[in-house]
Amino acid sequence: MLFLVRHGQRADQATPEEKSKIQLKCDPHLTDLGKVQAKKAGERIVNLLHNYHDVSGKKPEDLKYLIISSPFRRCIQTANHISHALAKENIIGQKIYLNDYLCDYLGDFHPESVLKDLQVRNSIEEVQKHIELDLQDGYPEIGNHAYNPMHPEEGETLRKRVFEGHIKGFKPYFINEINKEKDVVLILVSHGYVVECLLELYEGYNKIGGSNHTNYTAVSQVEVDGENLTGKVLVDRCFKHLKDAEEEYHKSLLEKLE
């Protein structure tokens, strides 16, 4: 089973107060609302797995979870808050693995050195202070990347990167090495455009509950066929949990004022 999740609300697209807290312009953090969105996305994933239990016969608490994130800070934080809904002992390595094939679209708005400049690669201790899980660059155990993106990218270049990174690079490794027992759920946390490109690789994209926009922390569920490296989209960019996140966030603000 595969879940694709876009990151939560990013600080540079939020309030002036949030913008003032940004430490690295090219790598904005997740807002407090974004953290709640991510937590709710994690709960949504568990709910979808409970629903799928009727078909698979496997309960969420009996599964293992492999969490892989884009190396951008907002995605790492989103992955961390998603993990709060999961049993920590069931998370492989108790880690979030970072992989560049899931990185943001490397257009001209990013400097060429952006992947080297990211906070996690220059001040991992600062990022790790706010993350309960450990961070590791690259695959579990072997520590390399599925694809090394080239700057600058165009739309087709990005699609090529996502295809080669996911289908040719990571997916065979996941199926043949990590998920031999078919008891591992793969959670990929990335950026809106990348999530859309990933969904294009699977049958049912934009047909089952389709949307032309990938909202913050939108969750997609894909049933993967391990033998043929194919799959079917069961849930396409669900974002119903965003309303619950807004309500919980505003409730917490009111409680602070009391």
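Seven aromatic pairs occur in this predicted model. Ring pairs join Tyr 101, Tyr 139, Phe 170, Tyr 173 and Phe 174 into a cluster. A search of the whole structure also turns up one cavity of 30 Å³ or more.

**Tyr 139 and Phe 170**
- The rings of Tyr 139 and Phe 170 form a tilted pair, with 5.4 Å between centres and 50 degrees between the planes.
- Tyr 139 sits in the loop between β4 (134–137) and α7, while Phe 170 belongs to helix α7, so this pair ties together parts that are 31 residues apart in sequence.
- Both Tyr 139 and Phe 170 are buried.

**Phe 170 and Phe 174**
- Phe 170 also pairs with Phe 174; here the rings are stacked, at 6.0 Å centre to centre and 25 degrees between the planes.
- Phe 170 and Phe 174 are separated by about one helical turn because they are four residues apart in helix α7.
- The relative accessible area of Phe 170 is 0%, and that of Phe 174 is 5%.
- Phe 174 counts as buried because its value falls under the 20% cut-off.

**The cavity**
- The largest cavity holds about 30 Å³ of space.
- Its lining consists of Leu 2, His 166, Lys 171, Phe 174, Leu 186, Tyr 202 and Val 224.
- Helix α7 (residues 155–178) contributes the most to the lining, with three residues.
- By class, the lining has five nonpolar residues, one polar and one charged.

Terms used
Residues numbered from 1 in each chain as written. Predicted model: local features only at pLDDT ≥ 70, side-chain atom pairs only at ≥ 80, totals over all residues. Heavy atoms only, no water. 1 Å grid on protein atoms, 1.4 Å probe; cavity = no way out; pocket = protein on both sides within 12 Å on 5 of 7 lines; lining within 4 Å. Points joined across faces, edges and corners; volume = space filled by probe spheres on them. Helix = DSSP H or I, 4+ residues; strand = E, 2+ residues; numbered from the N terminus. Nonpolar A, V, L, I, M, F, W, Y, C, P; charged D, E, K, R; others polar. Phe/Tyr/Trp six-rings, centres within 6.5 Å; stacked < 30°, edge-to-face > 60°. Buried < 20%, exposed > 50% of the residue type's maximum accessible area, 1.4 Å probe, protein only.
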